[in-house]
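Me: Hi! Could you walk me through this structure, please?

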Amino acid sequence: MKKVLIVEDELNMVQGLKDNLEFEGYEVDTAMEGTSGLQKALHEKYDLILLDVMLPEVSGFDICKAARRAGVNTPIILLTAKGEEIDKVLGLELGADDYITKPFSLRELLARIKAILRRAPDLKQGDAESEFVTIGNIKINFKNYQALEGDSEIKMSHKEFEILHYLYNHAGKTVHRDDLMSSVWSIDYDITTRTVDNFISKLRQKIETDPNNPKIILTVHGVGYKMIADSE
Ligand code: CA
């Protein structure tokens, strides 16, 4: 049974979501303010987190950021209010996987949840060990979202793995920013090329020996990026 954490301070919303998700067959845990939400996100195992942005004590953004920094790569859907459009980009850059703007229809939310869970790795499946590929000095397992440099783990967000995976699948070819955006993000995101560039810059910090002189993810000026996966 897939387990979902709802972090949301509006009681009606929490109860409505909990009832409906349980009806759909999910196991549901809840937190009604940021502090306990963060604790649960960090210390318990979930398949998905629904995270309200405006919360008492600790904001959804801070929870998202702290969870990713701690290596928690559970998919996160942000619940944003109307008028927080600017925050969506920030949320995605902080490592959220998707967002949905209140008021939203339950059907839409369920569709987003299913889409994300379909893409997410099922860690219980095992057989992941032989799935490592080498990119530069890094070993990456796209199935269980693991990146290793030697024996030490490199912390990467879900989105960063997906971008890397897309570039890897197209290694040696120029990838247009637009293609990257529409493949890694849902079509209805109004993310900008700047968001993509920011992600690439963060990835370079993590996988390049010299991020200012990248050898793995090259910039193709005016177009996009190209991965050289077998750089020695
Ligand atoms: Ca709220």
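**Calcium site and packing**

Reply: Happy to! Along the chain, the donors of the calcium ion follow the spacing D-x42-D-x1-M. Donors here are N, O and S atoms within 2.8 Å of the metal (3.2 Å for Na, K and Ca), and water is not among the atoms, so sites may look incomplete. This is a predicted model, where local features need pLDDT of at least 70, side-chain atom pairs count only at pLDDT 80 or more, and totals for chains, interfaces and linings use all residues. Residues are numbered from 1 along each chain as its sequence is written, and side-chain values use heavy atoms, with hydrogens and water left out.

Me: Which protein donors does the calcium ion have?

Reply: They are Asp-9 (OD), Asp-52 (OD) and Met-54 (O), at 2.1 to 2.3 Å from the ion. Asp-9 sits in the loop between strand 1 (3-7) and helix 1 (11-23), and Met-54 in the loop between strand 3 (48-52) and helix 3 (60-69), so the pair links distant parts of the chain, 45 residues apart. Helices (H or I, at least four residues) and strands (E, at least two) are DSSP runs, numbered from the N terminus.

Me: And is Met-54 buried or exposed?

Reply: Met-54 counts as exposed, at 55% relative accessibility. Asp-9 has 29%, so Asp-9 counts as partly exposed. The cut-offs are under 20% relative accessible area for buried, over 50% for exposed and partly exposed in between (1.4 Å probe, protein chains only).

Me: Switching topic: at what angle do helix 6 and helix 8 pack?

Reply: Helix 6 (residues 158-169) and helix 8 (residues 193-207) pack at about 85°, and their axes are 10 Å apart. That makes helix 6 roughly perpendicular to helix 8. Angles of 65 to 115 degrees count as roughly perpendicular, under 35 as roughly parallel, over 145 as roughly antiparallel and the rest as oblique. Axes are lines fitted to C-alpha atoms, for helices over the stretch in contact, and angles run from 0 to 180 degrees between N-to-C directions.

Me: Which residues meet there?

Reply: From helix 6 come Lys-159, Glu-160, Ile-163, Leu-164 and Leu-167, and they meet Phe-199, Ile-200, Lys-202, Leu-203, Lys-206 and Ile-207 of helix 8. Contact means heavy atoms within 4.5 Å. The contact residues divide into seven nonpolar, no polar and four charged. Ala, Val, Leu, Ile, Met, Phe, Trp, Tyr, Cys and Pro count as nonpolar, Asp, Glu, Lys and Arg as charged, and the others, Gly among them, as polar.

Me: Nice. What order do the strands of the four-strand sheet have?

Reply: This open sheet has the order 6-7-8-9, with antiparallel pairing. Strands pair if DSSP finds at least two bridges between them. The edge strands are strand 6 (132-135) and strand 9 (152-153). Helix 6 packs on the sheet, touching strand 6, strand 7 and strand 8, and its direction makes about 80° with that of strand 6.

Me: What about the sheet of three strands, which order is that?

Reply: That open sheet runs 10-12-11, again with antiparallel pairing. Strand 10 (174-176) and strand 11 (217-220) are the edge strands. The average twist from one strand to the next is 35°. Helix 8 lies across strand 11 and strand 12, at about 145° to strand 11.

Me: How many bridges join strand 11 to strand 12?

Reply: Four, and the two strands run antiparallel. Thr-219 has Tyr-225 as its bridge partner in strand 12. Strand 11 and strand 12 form a hairpin with three residues between them, and Gly-222 in the turn has a positive phi of about 80°.
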